[in-house]
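The model is a predicted one.

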Amino acid sequence: MQNSKTTFLSLTDNLYSTNECGILWRRSVAAICNLPLEKCYFIDDSDLSGEQKEQLKSVAERLACGEPLEYILGFAEFCSLRFNVNKSVLIPRLETQEMVDFIGRNRDREKAWRILDIGTGSGCIGVTLAKLFPNSKVTAIDISSDALECAKSNAALHGACNVDFILCDFINGSDTIKGCFDIIVSNPPYVRPTERNTMPKRVIDFEPHTALFVPENDPLLFYRHIAMFAKSHLTADGMVMVEINQYLGTQTLEVFKSLDFDCELKKDTFFENRFVYACNKNFYFVNL
């Protein structure tokens, strides 16, 4: 009879590499057994209860059907914090962490900033910034009421009382967002439908398409609206930072340049064009 790890690996090896299967096994054991990840290298069947073995098998069966582990477990790690996730929100990505880290390193943590998170999803950006800048006020908006419920649960989980959540269709209703902001941040939809074949099936089949895809004939839709909104709602020394489609870096940069922002294209850890940083002219003081 196969032990639990062998069963887990055999169920998942059609979709994942050997290395990926091992990582998924350790992460699943850590979650189910409530153990630090580093201790899960040495787990064997004698350490597991019958219920835990059944749970691990169930996880493996769902992984074998393509479901992402984060949705199965109900959480994802982001900037060393645990965030509740479900199928109404995107799973937080490593690249998005880089954007939040950049903002955290380049703004005074003690000041009271006014921050706007456009398309908050799980709240991973807005809630993390609220923790990094505890004296600040974060406004987090999303078009999905289900996503906002998830984001609110994460704010409560992390004691982020300085976040206001607003149901808002940014493209058609940004005029309802009042006031000016020192930091405007967004990871908006940016994938063109023709790029579907470059994406893992587990993303296409399980993650919310409204948070992923833009019209093929207008892929910069959100960036135009963000840039136009920032033109009248960004403070004089404020900053905008957006995650972008790696294939449309120059075009996205041009959207902000055309509105007379000082801006720069920034690469991620994988050396892909991943972010645009923008600010009002004469206030370009962040060390990129």
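## Cysteine pairing

C79 itself is partly exposed, its relative accessible area being 24%.

With a relative accessibility of 1%, C40 counts as buried. The structure as modelled holds zero disulfides.

## Helix 6

C124 belongs to helix 6 and is buried there, together with I125, G126, V127, T128, L129 and A130. Because seven of the nine residues of this helix (residues 124–132) are buried, helix 6 is largely enclosed by the rest of the structure.

## Nonpolar cores

The largest nonpolar core comprises 34 residues, and those with the most contacts inside it are L116, I177, I184, I226, V240, V242 and F256. Elements that give two or more residues to this core include strand 3 (114–118), strand 6 (181–186), strand 7 (234–243) and helix 11 (249–257). Helix 10 supplies the largest share, five residues.

Leaving aside residues up to four places away in sequence, F256 touches Y223, I226, A227, V240, V242, F261, C263, V276 and A278. A second, separate core holds 30 residues, among them M99, L129, F133 and A155. L129 is also one of the buried residues of helix 6.

Technical notes:
Residues are numbered from 1 along each chain as its sequence is written. This is a predicted model: local features need pLDDT of at least 70, side-chain atom pairs count only at pLDDT 80 or more; totals for chains, interfaces and linings use all residues. Side-chain values use heavy atoms; hydrogens and water are left out. Buried means under 20% relative accessible area, exposed over 50%, partly exposed in between (1.4 Å probe, protein chains only). Helices (H or I, at least four residues) and strands (E, at least two) are DSSP runs, numbered from the N terminus. A disulfide is a pair of cysteine sulfur atoms within 2.5 Å. A nonpolar core is a set of buried Ala, Val, Leu, Ile, Met, Phe, Trp, Tyr and Cys residues joined through side-chain atoms within 4.5 Å. Contact means heavy atoms within 4.5 Å.
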